[in-house]
Amino acid sequence: MTEPTSPVSLFDGYRRGAAWDEMVAEDGVPRTPYKAVHHTLRSISAGTLKDRADTLARNYIDQGVTFDHAGVERPFPLDAVPRVLSAHEWQIIESGVAQRVSALEAFLDDVYSREGDVPRCVHESVVPWSLIASSTHYHRAVMGIRPTNGVRVHVSGVDLIRDEAGVFRVLEDNVRVPSGVSYVIANRRAMANVFPEAFSTMRIRPVSDYPRMLLAALRRSAPDGATDPTVVVLTPGVYNSAYFEHALLARMMGVELVEGRDLVCVSGQVRMRTTHGDRPVDVIYRRVDDDFLDPVHFRGDSVLGCAGLVSAMRAGRVTVANALGNGVADDKLIYTYVPDLIRFYLGEDPILPNVETHRCAEPGALAHVLDHLDEMVVKPVDGSGGKGLVVGPRADGATLDTLRAALEGDPRGWIAQPVVQLSTVPTFIDGALVPRHVDLRPFAVNDGERIRVLPGGLTRVALPEGELVVNSSQGGGSKDTWVLAGRDTRTSSPEPLRAGAEMREVVVMSAPTASPEDSMRAQQQQQQQTRITEGGIPC
């Protein structure tokens with residue numbers, strides 16, 4: 001008589017690596033936040049999970065949720081297995097991100113608001129002035145401009161990784177035009193449709209409040225005297241790889257999505273061309289790089305921005321979010337000073353530590369890096385999306401020789417870090433669960449009174465085996481991030497949308513579709529896709 005066979009579990013062939021596995025502990029027992037998910041995955045077959053994964057993919061294709069990879073628009077890969085964070089873990093992340101954003105706000109105010117004076121952080125020898133002044137994204141054109149409510153970092157995305165010991169660490173800061181939150185919203189919608197039972201049995205904190213949270217912050221940043229502020233989202237246009245996000249946020253906030261050709265600056269005031277005539281604009285949530293925003297002060301050939309915008313900002317007639325010049329705080333060399341900036345401005349120890357980083361601008365550090373080049377991850381200080389990054393242990397001799405020459409020629413332009421084994425989460429690939437490396441980008445919104453961190457964020461996952469670069473521009477995917485509510489978790493809604501916000505009749509007028517300017521604009525949009533700010537899905 002044949003012995004009955006036990007059902008095959010999705011975890012039967014699962015093998016942890018050297019990295020911290022977020023679901024499965026060393027003894028093979030599921031970690032507490034993942035117990036319900038682990039139980040569900042053990043109780044279903046690979047075929048059932050594949051059916052649900054296929055449904056997720058079809059939903060994304062139907063909704064047009066895409067990203068740009070190697071110049072081709074593709075459906076955004078969403079894994080069927082979520083990432084789960086406990087209430088305690090999230091409390092650490094939330095407080096650490098808010099602390100970091102507060103310090104970066106103070107740093108940017110110190111750098112740009114003290115026109116004619118040496119920044120305090122320079123005077124007190126916290127950060128060398130040469131590093132600030134030599135940053136690619138330090139803009140003297142906006143010196144002395146003070147935002148209405150003191151906020152420069154309205155939206156931020158702080159990239160976190162979890163090291164081999166399970167400690168969350170900051171990998172980089174993004175306070176220019178961080179992208180990716182639309183995929184957080186889309187991921188949650190898709191997962192709720194495909195796994196409704198999970199959301200009915202687990203206390204998963206929602207992410208749907210983000211558009212209201214963002215709109216409330218933007219309205220509160222409006223210039224003095226704007227009682228009913230007009231907010232717009234400024235996009236480079238349909239050729240930009242993050243256009244899906246621009247359109248989604250504008251629609252969900254109930255505001256106009258505009259291009260540079262829809263705006264004009266008259267007598268120091270920015271106005272929007274509409275079918276009902278020109279209309280004043282109070283707040284611009286821009287998704288355009290600094291260099292393209294105002295051809296008077298930056299790139300003279302740009303048609304993506306609005307001539308006179310900086311002058312209107314200086315006159316206090318319009319708010320641009322995020323503020324121009326924020327990129328100096330994104331500089332990866334400045335990143336190495338952020339723990340010191342937290343202590344200097346806030347008088348606190350950092351809640352979230354940095355990854356150990358060598359400043360190649362310092363001779364001793366450069367010598368160490370050159371001696372251990374094949375053991376390091378080396379990054380350009382103004383790069384993102386994985387562009388320019390070299391993983392020493394995987395690089396060939398020619399690549400290392402080229403890198404060595406680049407470091408010796410421009411040490412200010414590089415940092416180096418040890419190889420960190422990013423934490424792993426089970427990921428469904430080719431009909432099986434396998435460990436894959438992940439990072440996390442939480443999004444924070446600052447309204448001038450409080451920094452709110454969206455409970456979740458974008459978990460990016462490196463799909464190839466052993467790959468540590470998680471960026472979608474390098475072929476990565478994503479996971480829905482579930483933050484479990486604690487017993488004392490309170491839910492609060494920011495300022496509600498104005499009545500009828502979704503029903504506006506104002507229609508933005510567009511220029512004729514066929515013109516030489518359109519060709520130039522399309523070219524610049526394509527150029528901007530390769531720049532470091534948007535990078536399609538998060539940099």
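Is Val438 buried or exposed, and what is its relative accessible area? I began my notes with this residue, keeping in mind that the model I am reading is a predicted one.

**Entry 1: Val438**

I looked up the relative accessible area of Val438 and found 0%, so I put the residue down as buried, given that the word applies to anything under 20%. I then placed Val438 in strand β18, which covers residues 432-441. When I asked what surrounds Val438, leaving out neighbours within four places in sequence, I found contacts with Glu22, Arg83, Leu422, Ser423, Val425, Thr459, Arg460, Val461, Val470 and Lys479.

**Entry 2: the whole protein**

I stepped back to see the setting, and I counted 17 helices and 23 strands in the protein. Of its 539 residues, 58% are buried.

**Entry 3: strand β19**

Next I turned to strand β19, residues 443-446, and asked which residues lie on each of its sides. I found Phe443 and Val445 on one side, with Ala444 and Asn446 on the other, and all four are buried, which leaves both faces of the strand covered. I reminded myself that side chains in a regular strand alternate between the two faces of the sheet.

I then followed the pairing of β19 and found that strand β4 (residues 155-162) runs antiparallel to it, joined by three bridges, with Gly157 standing opposite Phe443. Strand β20 (residues 451-453) also pairs with β19 in the antiparallel sense, again over three bridges, and here Asn446 has Ile451 as its bridge partner. In the hairpin formed by β19 and β20, four residues lie between the strands, and I noted that Gly448 takes a positive phi near 95°.

**Entry 4: helices α6 and α9**

Last, I looked at how helix α6 (residues 181-194) packs against helix α9 (residues 243-253), and I found an angle of about 75° with the axes 9 Å apart. The two helices are therefore roughly perpendicular to each other. On the α6 side I listed Val181, Ser182, Tyr183, Ile185 and Arg189, and on the α9 side Phe244, Glu245, Leu248, Leu249, Arg251 and Met252. Sorted by class, the residues of this contact are seven nonpolar, one polar and three charged.

How values were computed: Residues are numbered from 1 along each chain as its sequence is written. This is a predicted model: local features need pLDDT of at least 70, side-chain atom pairs count only at pLDDT 80 or more; totals for chains, interfaces and linings use all residues. Side-chain values use heavy atoms; hydrogens and water are left out. Buried means under 20% relative accessible area, exposed over 50%, partly exposed in between (1.4 Å probe, protein chains only). Contact means heavy atoms within 4.5 Å. Two strands pair if DSSP finds at least two bridges between them. Axes are lines fitted to C-alpha atoms, for helices over the stretch in contact, and angles run from 0 to 180 degrees between N-to-C directions. Angles under 35 degrees count as roughly parallel, over 145 as roughly antiparallel, 65 to 115 as roughly perpendicular and the rest as oblique. Ala, Val, Leu, Ile, Met, Phe, Trp, Tyr, Cys and Pro count as nonpolar, Asp, Glu, Lys and Arg as charged, and the others, Gly among them, as polar.
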